Structure formats: structure tokens, C-alpha cells
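Colleague: I have this model open and would like to learn how to read it feature by feature. Could you walk me through it?

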Amino acid sequence: MTAIIRVEQLKKSFIRGEQEITVLANMNLEIEQGSFVVVVGPSGCGKSTLLNIIAGLLPANAGHVYYKEHAMVDTHSEVGYLTQKDTLMPWRTVERNIKMPLEIRGVNKEERQRKARELIASVGLKGFEKHYPHELSGGMLRRACLARMLSTSPETLLMDEPFGALDAQLRMELQTELLRLWLGSNRSVLFITHDIEEAIVLGDRVVVLGTEGRIILDENIELPRPRDAVTIRFQPEFAQVHHRLWSALTEARKPQEVSA
Amino acid sequence: MRRLQRRRTLFIIGGRILFLILVIIAWQIASEKIGPLFICSPLAVFLQLRDWTLDGTLWYNTQVTLEETLLGLLFGVSTGIVAGFLLGLQPILGKILDPFIIGLYSIPKVALAPLFILWFGFELEMKVVLAAVTVFFLVFFNTLTGVREVDQNLVDAVRLMGAKRRDIMLKVIIPSTTGYVLTGLHMAIPYALVGAVIGEVISVNRGLGYLINNSASQFSPAGIFAALVVLTIIAGLLNGVVDVLDRATSRWKAGMHTTSKIIPL
């Protein structure tokens, strides 16, 4: 399989006060076309930075990101990015928020309406079209963000702890829905989380990051699809993978504690 | 629930009327105790207003003050908004100019009046400029704060949608700044009146400020109070206009802030 995203020798550091903090040091990563890759790591390991660079929001200090073998310099219209925070425009209704990317692309009104209605139904927000973001619950906000991202049918999805702030039950519900939307869509997904279980439930492949973007473990998850976010936890393979990832994460944390 | 709300509204309106009546009664008593030369009776003010209305003085001078105020608002608000966006979007330029703007802002605008008389004479222009300068800073600072407070996450979100500068401006920065601009406008309206009236008080030729000054020189407190009543009404009406604008642009905020805090006593 060919790589849709290729990260090569990526370097990024921030200046905080007098200190220079290296977040990513010569990081390499490849995401195959059509696969669901989950990156797990302790907080502060540079996961979000990595995603921001891949999305084209943040320039790297050195190294390259290739999308379909073309160097990425700016945001890319084929890539959708679901951030940790809800970034719906508070002055727009759910429906108008979902239409926003289409407006920017100059899609005509009828098409925008059709697409918005379809997406609202598919993420389960029917009846909330005219609501403003502040009137929605956390889970509904996530659904609206997801629908907005999908409105332009991006072929690649970047997701940064999208369900991190939700309660466990709602998280599983949304994980199941994400898998349902993804399966058979031939989309590539790069998903970031600090939750091992979430990584196993979702991913074809889980990459454990340590400090400075060091890859500690890169493992394929062989659990059969379609997966159910709730029942998959009771399979024996799940526990084995969980154990391996847990040890890797423990190792990932070690050098960070020394330096901190 | 709705009924309760309506009863509350009625109660508030009733309370306002009652308060107004109490103020007028207190006013009447004060005028009798202190003497009509300092505080005239409400009736005298009413009679003065009637006389001025009948001989055209009131309408003419009100028109003059309104024109100055509105023109002052127009120039002050438009330049304030433009400057606010400009400096908000060019952080370096903003940083360079910051101390100078704060310096200018700190000058009491009344102190500028003689200068403006020198430059623009005693006529309309001078009063408009005085009102506009006063208004400018209020709108400018509010707009600037608004632009600086725009949520970077929202800007990033539209960048990810492939937005160019124009879209970011129209779809994120302007809508999220609107509330701040309107706050500036709210604050600006009374100050536009202040600017215009100060100009009139100083140049003493026409307008409500002239009426105030002229009445004072004739020892007619009724004239002063009558002009003040008219000024209050103008300010109230202008604020009403901004309220309508405000409501139209911030429907999305409905129910976002509770109006009353629950604080145990």
C-alpha cells in the first residue's frame, strides 16, 4: 500500500521564556492509504503539535510532510481536521455551521442545503438544525463538528482527541459511529488519543509515542471488523494488546519524568 | 411561566413610573425648600418647554444639536472601527502606536475645544469634530479589543476549510467583533452628545448647549432644566436605536447569560 501521509525528519521546538523546548526531534511516520492509524502518547509528547503540522496550521522547524508524495506547505482541501476543542462559530446555527466549509468553496445553495440535511441526519442531529452551539450538549457539539468536517467529503481525516472530554458511555457511542462512518469509505484516518482502549477499538495500527516524538511501539491491531466499541473489550486479544500498549506507554513516560 | 414573565415586566414598568413620580415630587419639594432661583419647580420646566415649543426655539436648537451629534457619531464611529480593525490586524503597528494613542486618549477632550475653535471656527464643523474625537476613542478601543480577542481556534478552523483572508475577515473576525463594536457604540452615544453640547456651551451661538448657557446667564433655571430634559430624551432615543441593532445581531446569545445571579444573602 502507498503512503498517503509521510512525515520525514520532522523537527519542532518552541521557545518558552529562556528555554527552548524540543517537541518533535527527527520524527518519521507513514500513514497508508485507507488505514486507520491511532497515535497514543502521554500528554506533552507532541501529539497535537504533530497533527497541527500535518494539517498545515503550524510550520515545522525542519523536515517535511508529504501528502500523496507532494510536500504540504499549507492547509489541504482533501484533509479534514477535527480538533480537541469545539470550534463551531457561536453566532451560527448548527446547520449554518455545517454549511460553512461548503460556502467557502463556493458550492451553490441547493447543494449546500442537501448536503447539510444529509449530514445532520447521519450524525444524529435531526431536530437541532436551528440550535446555536451554546444550546447543545458536549456530545452534540462533537457530532456537529464531525458533520462540518465531513461536509466537504475529505479523503483523509485528522482527529485530535476528539472524544476526550466526553463521558465514557457517550465516547463509546461516538466511537462506534465514527467506525460506522469510516468503514468502507476508503478514507485514511490519523487519530490521536491518550486512551489506550480507544486506540485499540478504533485503529488498524497503533503507534505509541514517547517524548520528542520518539516512536516506542508500532503495532498492527488484528481484531476483526466491524468492531463494536462496547463488546470488543471482552475479547481475549483485546486484553493482550492492551497489556503490550500499557507497558509501552509506561516506558514512554519514563524519560519525561527524569527530565521534568 | 409566560404569565409570570408578563407580570414581572408589568411590575418593572410600574416601578419605573412610580420612581418617576417620586422624583418629580421630591423635585417639587426641593424647589419649594431651596427656592425657585436654584431649583425651579417641575411645572416651570414644563411651561418653559411649552413656550419654547410654541416659538420654535426648542425644535430649532434640538435640530442643531442632533445634527452635530449624529455627524460626530458618523465620523467618530467609522474612523474608530477602521482604525480598530487596522491596528488589531497589524499587531506590530498596534504595538508601535499604542503609547501614542493612550496619550491622546488621556487628554480631556474639553481641553481641545479652544484648539478646534481656532481651526474650525464657531460653526458646525468645530462641534462635529469635538463630538467625533470623543467618540472615536471609545469605538476604537472597543473594536481593537474585539479584534484582539478573536478566538485563534476559530480562525484556524476556517483556515482548515481552505479560507483565504477575505473569508476569515467576513466569516470570523467581523462577526466575532460585532458585539464589541456595538458596546463601543453604546458608550459613544452619550459622549457624542457631550462633545456637541460642550462645543455649544463654549461657542454660545446655537443648540441645546447654547440654550443651557443662555438660560444660566439670564438666571433661568427652568431653561437649563428644560434643555437637560430634551438632552436626556435624545440620549434615550439614540440608545434605543442601538438596542434594536444589538438585538438583531446577537440573537445567537439569547439565553446564554442569565440576567440575575443567585447570591445568597
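Colleague: In β2(A), which residue is the bridge partner of A:F14?

Modeller: Strands of a sheet pair through backbone hydrogen bonds, either parallel or antiparallel. Here the partner of A:F14 is A:I21 in β2(A). Strands (E, at least two residues) and helices (H or I, at least four) are DSSP runs, numbered from the N terminus, and two strands count as paired if DSSP finds at least two bridges between them. β1(A) and β2(A) pair in the antiparallel sense over 10 bridges. Their hairpin has two residues between the strands, and A:G17 there takes a positive phi near 65°.

Colleague: Before we go on, how should I treat the numbering and the model itself?

Modeller: Residues are numbered from 1 along each chain as its sequence is written, while chains are lettered from A and ligands numbered from 1 in the order in which they are written. This is a predicted model, where local features need pLDDT of at least 70, side-chain atom pairs count only at pLDDT 80 or more, and totals for chains, interfaces and linings use all residues.

Colleague: What is the strand order of the open sheet in chain A?

Modeller: Four strands, antiparallel in their pairing, follow the order β2-β1-β4-β5 in chain A. β2 (19-32) and β5 (70-71) of chain A are at the edges with a single partner strand each, so one side of each has no neighbour in the sheet.

Colleague: Which helix lies across β1, β2 and β4 of chain A?

Modeller: For such packing, axes are lines fitted to C-alpha atoms, for helices over the stretch in contact, and angles run from 0 to 180 degrees between N-to-C directions. Helix α1 (residues 47-55) of chain A lies across those strands, at about 120° to β1 (3-16) of chain A.

Colleague: Where in chain A is there a cis peptide bond?

Modeller: Most residues other than glycine have a negative phi, and most peptide bonds are trans. The bond from A:R225 to A:P226 is cis, with omega near -5°. A:P226 sits in the loop between β10 (215-220) and α7 (236-259) of chain A. A:N186 is worth a look too: although not a glycine, A:N186 has a positive phi of about 60°. Its loop runs between α5 and β8 (188-193) of chain A.

Colleague: How is chain A divided into domains?

Modeller: Domain bounds come from an automatic or database domain assignment. Chain A has domain 1 (3-78 + 156-259) and domain 2 (90-154), and their C-alpha centres lie 26 Å apart. Nine residues of domain 1 are in contact (C-beta atoms, placed from the backbone, within 7 Å) with four residues of domain 2. On the domain 1 side, β7 (156-160) and α5 (168-182) of chain A each supply at least two residues.

Colleague: How many helices and strands does chain B have?

Modeller: Chain B has 10 helices and zero strands. Helix α2 (residues 42-55) of chain B packs against α10(B) at about 75°, with the axes 8 Å apart. That makes α2(B) roughly perpendicular to α10(B); angles under 35 degrees count as roughly parallel, over 145 as roughly antiparallel, 65 to 115 as roughly perpendicular and the rest as oblique. Among the residues making this contact are B:L49 and B:W52 of α2(B) and B:F225 and B:V229 of α10(B).

Colleague: How many residues of each chain take part in the contact between chains A and B?

Modeller: The contact takes 17 residues from chain A and 15 residues from chain B. On the chain B side, the largest share, seven residues, comes from α7(B).

Colleague: And what confidence does the predictor give chain B?

Modeller: pLDDT is the predictor's confidence in each residue, from 0 to 100. Where pLDDT is low, the predicted coordinates should not be read in detail. Chain B has a mean pLDDT of 88, and 95% of its residues reach 70 or more. For the complex, the predictor gives an ipTM of 0.84 and a pTM of 0.80.

Definitions and conventions
Two residues are in contact if their C-beta atoms, placed from the backbone, lie within 7 Å.
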